[in-house]
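Here is a briefing on a protein assembly. It is for a reader who wants the interfaces before the details.

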There are 4 protein chains.
Amino acid sequence: MIRVAVIGAAGRMGQTACQAVEAVDDMTLVARLDADDAIDADHLCGADVAVEFTIPAHTEANVHALLDAGVAPVVGTTGWDDAALERVREHACASGVNALIAPNFAISAVLVMEFARQAARYFTSAEVIEMHHPNKLDAPSGTAAQTAQLIAQARRDAGAAPMPDATQMDPDGCRGGMVAGVPVHAVRLAGLNAHEEVLFGNTGEQLVLRSDCFDRSSFMPGVLAAVRAVRNRPGLTHGLAPVLGLEH
Amino acid sequence: MIRVAVIGAAGRMGQTACQAVEAVDDMTLVARLDADDAIDADHLCGADVAVEFTIPAHTEANVHALLDAGVAPVVGTTGWDDAALERVREHACASGVNALIAPNFAISAVLVMEFARQAARYFTSAEVIEMHHPNKLDAPSGTAAQTAQLIAQARRDAGAAPMPDATQMDPDGCRGGMVAGVPVHAVRLAGLNAHEEVLFGNTGEQLVLRSDCFDRSSFMPGVLAAVRAVRNRPGLTHGLAPVLGLEH
Amino acid sequence: MIRVAVIGAAGRMGQTACQAVEAVDDMTLVARLDADDAIDADHLCGADVAVEFTIPAHTEANVHALLDAGVAPVVGTTGWDDAALERVREHACASGVNALIAPNFAISAVLVMEFARQAARYFTSAEVIEMHHPNKLDAPSGTAAQTAQLIAQARRDAGAAPMPDATQMDPDGCRGGMVAGVPVHAVRLAGLNAHEEVLFGNTGEQLVLRSDCFDRSSFMPGVLAAVRAVRNRPGLTHGLAPVLGLEH
Amino acid sequence: MIRVAVIGAAGRMGQTACQAVEAVDDMTLVARLDADDAIDADHLCGADVAVEFTIPAHTEANVHALLDAGVAPVVGTTGWDDAALERVREHACASGVNALIAPNFAISAVLVMEFARQAARYFTSAEVIEMHHPNKLDAPSGTAAQTAQLIAQARRDAGAAPMPDATQMDPDGCRGGMVAGVPVHAVRLAGLNAHEEVLFGNTGEQLVLRSDCFDRSSFMPGVLAAVRAVRNRPGLTHGLAPVLGLEH
C-alpha cells in the first residue's frame, strides 16, 4: 500500500488527484495539503509519495521541501526550466529521495510526443497544431513546444534537409510560430479542453498523430502510474515516457 | 450544345479543363488559346463561353477582350480585387455579355465557405486552418481569407460578442494571423494539395467543416456547372455559390 | 419572463436544464417535477413551457398531459416514431397549445444534419460515422439515422445515381449498416461522448462535416432557444432547425 | 549501384516503380518484365534485386522463380497467407537469396501499424476505420486487418480486459466487423485513395493515428528503402518496419 499526500488538494487538479488515489486499491490517501499548510512531517502524515499540483510560483519550493522531508514528489505543475530541473536532480541524488516531474500526464499526449519523435526522421515536412480552451494564458502549450523540440532534435540527428516552404507573402502571420524550426499553430476555441495534432508529410502521403484530452480525468492514469513508479527510479525522472516503458 | 474556348489551354488547369469539356455531351471544345494567341473572333472560333485559367497579370485584360468579342468568360484565375471586379461588372452590364469569376471551383470548398457563413452566428468562437503543398507562394489562401471574411460579416450581422481569448504570452506568433478578426492558420506540408478546416466552438461542443481538394480534377464539376449557368445570369456572377443554387 | 417547468428534474439532463434556465434573465424556473409527480396544474405552478427530459416509456404520456394542462412541451427524450409524432401534432392543433420535439438539441449536431441535407445532391458518395461512449445501448444513434435519411431524401429529390461500391468480399461486415441506402458506421470508445462525422466524396475532393458534443452542456443553448420559440410556432415543431432560422 | 528489375513493369504500380528507380543515383533499371516474359537469367539482365508488383494469382510463382535465378525479390503484391510466406522463407534460407514481402510500402501506413502496436496496451478501447476509393473489391483492407491483429496481440500480451461495449440493439450492423476482437469499419468514397485511422480511448482522452496515402507515389520511398536493405537481411523479411529501423 503506497501512502500518498496531495499538495494543492483544494485545487481542481488536486481534488481530482485525491479522488483518483482513493479509487484504487494499492494506495491510501494520508494527507491533503493546501496553500497555507507547511510541508513538513507533521502535515505529511508519513506519506511515501506526494502528488504536487499547485502553481508555478510555489512548485519548486514545495518540491525541495518534500525532498527534505523524505517524501518522493510527483509533480504536474508547469513552468519548470532546465536550471530548476537541474537543482531538483542534484537535491534528489544527494538526498536519496526520488522525484518525477512531467509536463503532461495524459497518456495520449505522452504517446503523441513519443511517436512524433520516432516518426520525424521519415518525413519531409512536420507541423504542430495545438488547440485549447480560450482561457489559456500562454501560446503555444508546453506540450506543443516540447513536441516541436523533439521533432527538431530527431531531424537533426538524422541529418534531415530543411523543410520545403516557398512562402513569400504572409502579411498577417498565418504561417504560425517557429519553435526549434518547426511551425507551431495555436487555436483557442470555446468548448475545447486540450488537444494536439502533429502533421507529417512526404510526397503522396500524410501521417497525423492526435491527442484529445477532454477533461482532467485524462491525467489520472498517468499520475497513478508515476506514483507507483517513482520510488524505483533513482534521482529525477523527467516526463512520463520512461514510466510507461516507452524509453528506447 | 455549348461551344467552349479555353484560354490558357497549355497550362495545367487549362489542360484539365479541355479534357473536362471534351468528356461531357452538352459541350464542344472549339478553341484552345495560349499565351501568344490574340483573343479575337478569329481565334475564338464562335465560342459561346470561354474558360479562363491564366495568370493574375493577364486575366483582367483577357476578360475584357472576351466581353468585347461577345464571349462569356468563366474565370478561375486568382488575384481579383474589388475595383477590378467592379470594372468587369460594368463592362458586362454595358455589353450585355455575362461573366463569372470564382476564387475556387471545388464544390467542397464552396460549400465549406457557404456553411461557415450560415453557422457563424451560432458559435462563440471560430478559427480557420488552411493546409497546402509547400510550393504555394502566399499565405493565407484566397479561399481561407474569404472564409474568414464571411464569418466576420455573419458575426457582425448577428451582433456577436468578440471571441474569448485570454492569451497574454505568444512570443513566437503561434496564434495565427487575424483576417477580419478571425484567426487564420496556414500549414505547408509535402504531400498535401489544397485543404481547409473551419472550427466553431460553444461551451461543450465543436463544429468542424473540412474541404479536401486532392487534385485539379476537383475543380472541373464546378467549372462545367459555371459554363452551363453563365449565359443565364445577367452581368457579373462572383463566386460559385449562386450557380450551385445555394444563394439565399 | 417565461415561466418554465422541468419534467424529469432529478435526471442528469433535467438537472442541467434546471441550471440553464436559472442562469438566464428571461426565464424563471417555477417547477421541478420528477417520476412520482402528477403532471397537472397543481404541480406545474403556472408554467408557460415545460422542458421534458425523461425516458422513452413515459415521454408520450407526459406530452399529452402537458398539452391538456395548457403548457407547451419542449421535448428532448428520444424514441418518437412517426405515429406518435402525428398524435402530438393533432393534439397540439386541437388544443391550441404548441409543442416542440427534437432528437438532438446540440447546435453543432443540428447544423451537421442541415448541412448534410444541403450538400447531399452535389456528391457521388456519402457515408456517416457516429462515435459515442461505450455505455450506449443502441446503434446507430438517432441523430446518425436521421442524417442518413436526410441524405437519402436529398439524393432522391435530385435524381442522384446510386453510390459506387465495388465491394465483393466483406466477410466480417466491415462496410457498416445501410440506413436508407447510406452506409452508417458506429464507433464505441471510452473517453468519447457523442460525435458524428459525415463524409461526402467526388472525384478529387472530399467534404467532411463533424459535430463533437463533449458533454450535456452542449444541449442547453438549443433547449433555451426552443423554450423561447415554442409559443410562437403553432402546432408541432419537429427538430431544432426551424428554431435556429435554418428552414428553407 | 544496385541493378534493379521490375516485374509487372507495365502495370500502374510497376510503371511508378520504374520511374522511382530511374530517379535515384544509387540504382540502375536493368530490366522491365511483364506478364508474358519468362523470369529467367535472359530476361533479368543481371539484376541484383527485383521489384514485384503483379497480381495475387502470379506473385508466389514469380518470387520462387526469382529466388531460383539468384535475384532478391521485393514484393508489394497482396494476397500472401502464412503458408505461402513460410514457403518463401524456406526457399530463401535454402538458396541464400534474400526476400522482402510487405503488405504496404507507404511509410505513414507502416508507422500507424507500428504505433498502434505500441499504444494498444495503454487504452481501454480501440477501433480501426479504413477509407478507400469505391473500386476496391475487398473489405477490410489488408493493412486494416493487420492493424487490428497487432492491436489484439498487444492487448493479449498485456493482459488487457475486454473492451467495454453495451450495445444491445444494432439491427443494421453499424458496429462494424470484428477482426481479432477489434471493431473495423470500412468506408468507400469517391475521391479517396487509401486512408486509415486508428482510435484509442481512455476515460477523458483519445489518441488518433491516421495515415493518408493520396496516390501511388507514396509507396516509392518505402520500395527504394526495401531495395537498398534486402541484400543485407538474410532470409525473408516480412513488412517494412524492420527496414525502417523500427523493430524492437
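Predicted model: local features only at pLDDT ≥ 70, side-chain atom pairs only at ≥ 80, totals over all residues.

Residues are numbered from 1 along each chain as its sequence is written, chains are lettered from A and ligands numbered from 1 in the order in which they are written, and side-chain values use heavy atoms, with hydrogens and water left out.

Chain B touches both chain A and chain C. Between chain B and chain C, two β10 strands run antiparallel.

**Chain B against chain A**

- The contact takes 46 residues from chain B and 46 from chain A. Contact means heavy atoms within 4.5 Å.
- About 3,300 Å² is buried between the two chains, with carbon and sulfur atoms giving 62% of it. Buried area is the accessible area (1.4 Å probe) that two parts lose on being put together, summed over both.
- On the chain B side, Leu137(B), Cys174(B) and Leu189(B) lose the most area to chain A. Together they account for 17% of what that side buries.
- The count of salt bridges between chain B and chain A is 0. A salt bridge is a side-chain nitrogen of Lys or Arg within 4 Å of a carboxyl oxygen of Asp or Glu.
- Polar contacts link 21 residue pairs, both residues at pLDDT 80 or more. A polar contact is a pair of N or O atoms within 3.5 Å; within protein, one must be able to donate a hydrogen and the other to accept it, and residues adjacent in sequence count only if both atoms are side-chain atoms.
- β6 (125–132), β7 (177–179), β8 (182–188), β9 (194–202) and β10 of chain B each supply at least two residues of this side. Helices (H or I, at least four residues) and strands (E, at least two) are DSSP runs, numbered from the N terminus.
- This side of chain B divides into 22 nonpolar, 15 polar and 9 charged residues. Ala, Val, Leu, Ile, Met, Phe, Trp, Tyr, Cys and Pro count as nonpolar, Asp, Glu, Lys and Arg as charged, and the others, Gly among them, as polar.

**Chain B against chain C**

- Here 32 residues of chain B are in contact with 31 residues of chain C.
- The two chains bury about 2,400 Å² between them, 58% of it on carbon and sulfur atoms.
- Phe115(B), Tyr122(B) and Glu205(B) supply 23% of the area that chain B buries against chain C, more than any other three residues.
- The salt bridge count between chain B and chain C is 0. Residue pairs in polar contact number 15, both residues at pLDDT 80 or more.
- α5 (107–119) and β10 (205–213) of chain B are the elements that give two or more residues to this side. β10(B) gives the most, with 9 residues.
- The side of chain B that touches chain C holds 16 nonpolar, 11 polar and 5 charged residues.
- β10(B) is joined by 9 bridges to β10 (residues 205–213) of chain C, and the strands run antiparallel. Two strands pair if DSSP finds at least two bridges between them.
- Leu209(B) stands opposite Leu209(C) in this pairing.

**Domains of chain A**

- Chain A is divided into domain 1 (2–101 + 216–238) and domain 2 (107–213). The bounds come from an automatic or database domain assignment.
- The C-alpha centres of the two domains lie 30 Å apart.

**Salt bridges**

- The structure holds 48 salt bridges over all chains.
- Glu127(A) and Arg175(A) form a salt bridge through their side chains (3.1 Å, N to O). Glu127(A) is in β6(A), Arg175(A) is in the loop between α6 (142–157) and β7 (177–179) of chain A, and the two are 48 residues apart.

**Backbone geometry**

- A cis peptide bond joins Ala139(C) and Pro140(C), with omega about -5°. Pro140(C) is in the loop between β6 (125–132) and α6 (142–157) of chain C.
- Ala139(D) and Pro140(D) are joined by a cis peptide bond, with omega about -5°. Pro140(D) lies in the loop between β6 (125–132) and α6 (142–158) of chain D.
- Cys45(B) is not a glycine, yet has a positive phi of about 55°. Cys45(B) is found in the loop between α2 (41–44) and β3 (49–52) of chain B.
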